[in-house]
Each structure stands twice: as C-alpha cells, then as structure tokens.
Amino acid sequence: MVNRPHLRPATGGSIRRQLVVQLLIVAAVLSGLLYLSVRGVADTAVETTQDSILGAATIAIAEELRGGEDGVSIDIPYTAFSMLGSIGEDRVFYRILVGGETVTGYPDLALPESPPGSGLDPRFFTTSYDGSEVRAAAVVRSVLVEGRNTEVMVIVAQTRGAKDAIVAQMANRAALLGLGFFALAAVLSVITARSVLNPVQRLAEAVGRRGPDDLRPVERPVPSELAPLVRALNGFIARLSGALSRTETFIAEAAHHIRTPLATLRTQAEIALRKTDDEATRDSLRAMIRAADDSARSAGQLLDHAAVVYRTDQRTEERIDLCQLARDMSDSFGPTADIRDIDLTTDLCAPPVEITADRLLVESALRNLLDNAIKYSLPDGSVAVTVGTDGGRAVIRVLDRGRGLSGARTTQLTGRFRRGTNVADVVGSGLGLTIVREVARAQGGEFRITEREGGGTCAELSLPL
Amino acid sequence: MRRTIAALVIAFCVALPRLALGFDVEEEQVFPAPSGAPTAPLRILSTTDTEIFAPLLDAFQADNPDVPIHYTVASTQEVYKALHDEGAAFDLAVSSAMDLQMKLANDGFALSHRSAPTQALPGWARWRDQLFAFAQEPVVMIASARAFDGPLPRTRSDLIRALRDRPEAFDGRIGTYDPNRSGAGYLFATQDARQSDTYWRLSEVMGGLSPRLYDTTGAMIADVQSGKLALAYNVLGSYAEAQLDPDGDARIVAFEDFTHVLLRTALIPRTAPNPDAAGAFVDFLLSGDGQRLIASETGLPPISEAALAADPYLRPIRLDPGLLVFVDPLKRQRFLNEWTAAVVQP
C-alpha cells in the first residue's frame, strides 16, 4: 500500500489510559477511606473495651467502700487491678478521695473536669500522668460516716500502650486490606477499560476493513454513546459518495464538451482546406488541423489522467488476463501503426497471465505506452509488446527502435508535464508516462523506462500477480 | 587465689568512700574488673546474698572483663526505698519482692530493655520490657517428719486438721514470716490470702499455737533442722533444698491445693548511670548459659514453663497490676491489722 502519512490521525492521549487512571484514582481514594474507617472503628472498639474494663475496676473498688463510725473503710479488691492487666501491660494509677481529700493512691492524678454523677456511673476522661497519656474512669459514691453523707471519689487510670498497639496492629491489617483492594481494583479497571472500549475497537476495525469503493453507510449496531459518531460518519460517507459521483459526471461531461467542438473544428478546417487553393491559407488550415489534433490528444490525456487519479482512490479490482488485454490493445493501435508503416508485433507467453487489478487503469497505462512507442518510432520501424512473468510479478514490456531517451532517467520523464529533451518536433502533453507511473503506484507495481541496446526504448511495467 | 580475692574485696570495702545512703545496706562488695582496665562500673542493688550471686558475677566478668561490679545487698523494703524515694544511682535492682518491683516499674522508675533473651521470656515472667524474672522459686513448708503423727499433710486443709488434732505437738513450734518486717513474708501472706479463704482459717489455728515469727527463711530452716520448730510455713524452697540435711528429718512440703512460685526479678532503674552494662547483665542472666549457671551454681531454679507444667499445683505469682493492690498503704495497714489479729493472739 502506498504510505500516506496524512491519513494517520494526530492522537491526543488514550481513552483507555485515561479511564484506567481515573478508575485507579477512585480505587486509591476508596482504599484510603477503607483504611481510615477501619482504623477509626478499631480505635473506637478498643477504647470502648478499655473503658469498660476501667469502669469495672473502678466500680469494684467503689463497691467495697464502707461507712462507719471510724471513717470510710477502703479495701481495694485484688481483681480490680488484676483485670486491668488483661488488655496488656499498661501502667495503672489510682486515686481515692474522701470528701475532697486524697486518702490513698497518686495524689497528682488529675480529676475529671466535671464530677461524675452518682449511681456508680463511671465518667471516662483522657488526661496525662507522668508524661504518658492515660485513660481514666471516675465514680463517686456516698457513704455514711458518723451519720453524715460523705462523698468518696475513686479514679482509676491506665496508660494506653496496649490500646495503641492493638489499634496499630489493626491499622496494619487495614492497610494490607486497602492495598489488596487497590491491587484488585487496578486489575479490574484494566479489564473494565478494555471491555468498555471493545465496541469502539470493533467499529474502527469494521470501518478500516472496508474496500476502497465501499461507501455504504455503517449499519452494525453500536452502543448509544457511539451513535452520534456513526451518524456523523454516515453523513460524511454520503457527502463523499455524492461528491465522487459528481466528479465522475464532471469528467464525462468535460470530455464530451471539449472533444465534440474540437472534432467540429477539425472537420470544418478540413472542408475549408478542400475548398481553397491559396497555398498560404492551406498552410494555415493545416496548422489549425494539427493544433486541433494536438488539443484533442492533450484533452484526452488530461481526462485520462484525471480518471486515473480518480480511480486510484476508487479502484474496482478484478481478474484480468494481461495477454488478452495486450492483444486487444495492439489490435486497436493496428490502423495507426499501419499509417506509419510500423510493424506492431505482440509476443505473449503461452499460459494466460492473470492479475488482480483495475482494468481501466491497466488499459490506460498500456494505451499510453503504445501511443508513445508508435509516436516516437521512425516510419518503417518496429514496436513489440511482450507479456511475461518474472519473480512473482507480471511484466509488460513495450519495445521500440525509436530515438531513445538521450540519457533521461525514468524519474525525469514521469513528472507531470515533463518531456524528454529530444522530442520537441513531436506533439505531446507530457502526461503519458505520468499516467503510467500513477497506475503502477496505485496497483503496487513498478514502472521503468530504459534505453535499448542498438537504439530505441524499453518501457517496462511490472505488476504484482 | 580465693583468699587474695577476698582480701582485695575487703580492701576495697574499706577504701570505698561511704556513699551518703539514706537506706540501710547489709553488705557491699566490689568485684574489680579482671582485665585491669576498668570501664564504668556496673552497680547492682540486690536482695540476694552476695555468696549466692557471686558465681554469676564471675561468669559475667569472664565475658566482660572490663566491667567492675559493685554489689550491694539490702532488704526488699530498702531496695524499694532507695529507688522510689531517694533516687539512688544503681544500674540494676534485683529483688524477690515482686510487688515492690512492680510498683517501681508501674510508677515509671524503670528503663525499658528489649533484646532477644528478654523477648524469649514467657509472658508471665516479664512486664513491659522493664521487669524480668530470672528465677522461679516455689514457696513451701518445711516440716519435721517426727512432729507429724503419720503422713505429712498434702494440702492446707490437711495441715489445719493435723494442727487441731494434736495442738500439743505444735504449740510454740510453728515458724512463719512476720509480714510486718519481711517484704517476702508480706508478699506470701497476701498472695495466700487472695488465693484462698483457707489461709485465714490456717492463720487462726496457727495463731492459737503461739507461732514464732521470723525475718528470714534461713533462720526458720535452721530451727526446723535443730528441732526447735516442728514446721516452718511459707519458706523459699530453693534455700531449703540447699540447706537441708538429706539424712535429717526435715522435709519440704509443696502443698497440692496450691503452691505459689515467687519470681526473682531484675529491673534497670531510670537513674542508672550505666544502663548498657545493666542490659548486658540482664541478657546474660536470661541467656541459656546464664540460666544453666543459675541452676547449677546458685541453687535457684531457672525460668521454666516445663517445670510449671509438670506440677500443676505450682502457681507463679503473676507480674500484673494486681500486685499494686497490696502495696497501697491503706490496704497494707488493713491487711496487717487483720493478720496480727489472727496470728498474734494474746
């Protein structure tokens, strides 16, 4: 295929990548939230557990308070502190106040900001003691001392090392969970992005697979999000198809409109030539006829070229027998060759050489090659057409014994409106070999024109079988 | 050789500038660095007698020849007082008073030390990477086989029955710790009291038989051996095993209803000038070599879960905050009043 860089669209990022990145961001945020919430729940749960044990220890001490004539009797149960060791190895502090006076424990342990209510309902608070953060529970209980109500406050506090350790452990697990969640989400997001973009991929492949002249609208079912794109594509195809058919019509119209007046002009000039005997007028008329021929040929070739360029994009491939085609073309050039006494021969190999190509393009190329060969041959010269195969390619050669190329290269001769340096005396438009080159290019073949040994030219068109 | 070392030690004791210590010291010895190039000394404050600990110190110095060791012996109460009230500068406190050691650690007087040997300790033998048990000693009764008519009692109920059946055989011949004066005695009595109500019944019965009150295990064992006592209740089994004449009639009785196991613990005080040496010594005590030496040279049983599993009545006194309860002055006064009322009868 011919490399056409302008057909490669400018890409600005990838939807899949964008989709994956966005899904990953969402997954990362969710993983983070998961981590924070598990941590938060763990923190609350462990604190609640520590609180309930602290509360139980405080109440156990308060339960043992007794009033009496000798003051308050305080008997701390062993289990009150022992149970505090159940969460972990945390330091324990306590303070017991009778009527606002500290009677035992740690006198510098902070009191709750607001006194706890009665009824052994512990008030929990967080404070610090001896440089460590502690969680404390306080209860107040009234006991009867010497007939008077005396308030006793019991405060039990515990450092939070075990709680922090448990929370840290749970947070580690939550972090692992979050990482696992993120990894899973990453895999799923890649899979999701792929499956979401599958219809786009399939549509692109379906459109890309179309033949060059397949201008039917896209009718395959697509997701609703792609419907606007397909609708726009179909509209574009419809406009393109309309424009192409107008171009075809225009070329046909132009051919008709240029060729017909030229033919009329030529006929009138010939009639005038027959009617006059004045040599000067006859010379003028002959010049006019030659100019008309020249114009007709140029117009024909221009139209040929336009048709070739048009068909390059709109090829209709079919199986063509090159031998048959060469034979038919030689036959059609027979009269022209006879006029100049040129011996036109064909040398076709025995089995048919078949290629898949656009018939009109190949015909057009061969016609231009034969036209050139006959045009530039001397009278009584010879032109030969051969068809053969060479290394997987079909090769058509048109050989003449004409004036040769006088050193010009193929590339110099196949440029648009470029002609050889030795052909000023022969009518020509400079488009013939351009057409051949275009055809070779469109069909994935090659065109080469070289000098023959012993004078003349060899034009060689090779096309893939 | 021993003699020269002893001479050296005495010379050092004399030469040592007496520290202005506010607590009572029973004994002080310096083990100079064997290498002759001494670094900062390791100061150990201990309740364990020097001659028991000396083999361990020698072994430690064999591995650490640059470290001189100052070994100071004091009672459990004095060890506690030195660190808690006076902020004395010692690198290691070794004590059998678990409750007081626990109180020191709980109140922030201990430094943390974490190493492979401390991590290998069972959970009940360690608290907060600050308090480390290096020996476990059952608390037992020493009884004279002759004094009992028939088999020796296996539980405290058996003992109560025996005492009630033949009070004349035991009157004035029962020895036990005075918890008012002995920290170990107080710990044993409080643990007994919290474990079972039988203890108060036993105390009442013993109180009716004019018990003799002692400060140390050694004195009680000696009196049982000499026949002065028929039984000594709540003594340290390790001392008894070392001192008892195997052919005599004194027997060790570990009660099958429960026998407490005392943990001898070490902690690094926060005032330690040389905590690294203290950490190295703790690691040595807890290492396989240290534990083997403790078993073979000191007669103290090393930390062993297998030994506890073999005798299900052995209950190690747990290193947990419960120990703080009986350190509370009100609680202590209350307990001692109760105990005195039960045991010291007019």
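Predicted model: local features only at pLDDT ≥ 70, side-chain atom pairs only at ≥ 80, totals over all residues.

Tutor: Residues are numbered from 1 along each chain as its sequence is written, chains are lettered from A and ligands numbered from 1 in the order in which they are written, and side-chain values use heavy atoms, with hydrogens and water left out.

Student: Where are the two domains of chain B?

Tutor: The domain assignment of chain B gives 2-136 + 263-317 as domain 1 and 137-260 + 325-343 as domain 2, with bounds that come from an automatic or database domain assignment. The C-alpha centres of domain 1 of chain B and domain 2 of chain B are 28 Å apart, and their contact (heavy atoms within 4.5 Å) takes 18 residues from domain 1 of chain B and 20 residues from domain 2 of chain B.

Student: And what area is buried between domain 1 and domain 2 of chain B?

Tutor: About 1700 Å² is buried between domain 1 of chain B and domain 2 of chain B, and carbon and sulfur atoms give 61% of that; buried area is the accessible area (1.4 Å probe) that two parts lose on being put together, summed over both. Of the area that domain 1 of chain B buries against domain 2 of chain B, 37% is supplied by B:Tyr313, B:Arg315 and B:Ile317, more than by any other three residues.

Student: How many salt bridges are there between those domains?

Tutor: The count between domain 1 of chain B and domain 2 of chain B is 1 salt bridge, meaning a side-chain nitrogen of Lys or Arg within 4 Å of a carboxyl oxygen of Asp or Glu. B:Arg264 forms a salt bridge with B:Glu137, and their closest N and O atoms are 2.4 Å apart.

Student: Switching topic, how many residues does each chain put into the contact between chain B and chain A?

Tutor: Chain B gives 24 residues to that contact and chain A gives 22 residues, while the area buried between chain B and chain A is about 1900 Å², with 48% from carbon and sulfur atoms. The interface of chain B and chain A has 3 salt bridges, and in one salt bridge the side chains of A:Asp90 and B:Arg128 meet at 3.9 Å, N to O. Between chain B and chain A there are also 14 residue pairs in polar contact, both at pLDDT 80 or more.

Student: Why does B:Thr118 count as buried?

Tutor: B:Thr118 counts as buried because its relative accessibility is 0%, and buried means under 20% relative accessible area, exposed over 50%, partly exposed in between (1.4 Å probe, protein chains only). Not counting residues up to four places away in sequence, B:Thr118 touches several residues, including B:His113, B:Phe132 and B:Leu286.

Student: What about A:Cys458, is that residue buried or exposed?

Tutor: A:Cys458 counts as buried, at 11% relative accessibility. Leaving aside neighbours within four places in sequence, A:Cys458 is in contact with residues including A:Arg397, A:Val398 and A:Ile449.

Terms used
Polar contact = N/O pair within 3.5 Å; in protein donor to acceptor, adjacent residues only side chain to side chain.
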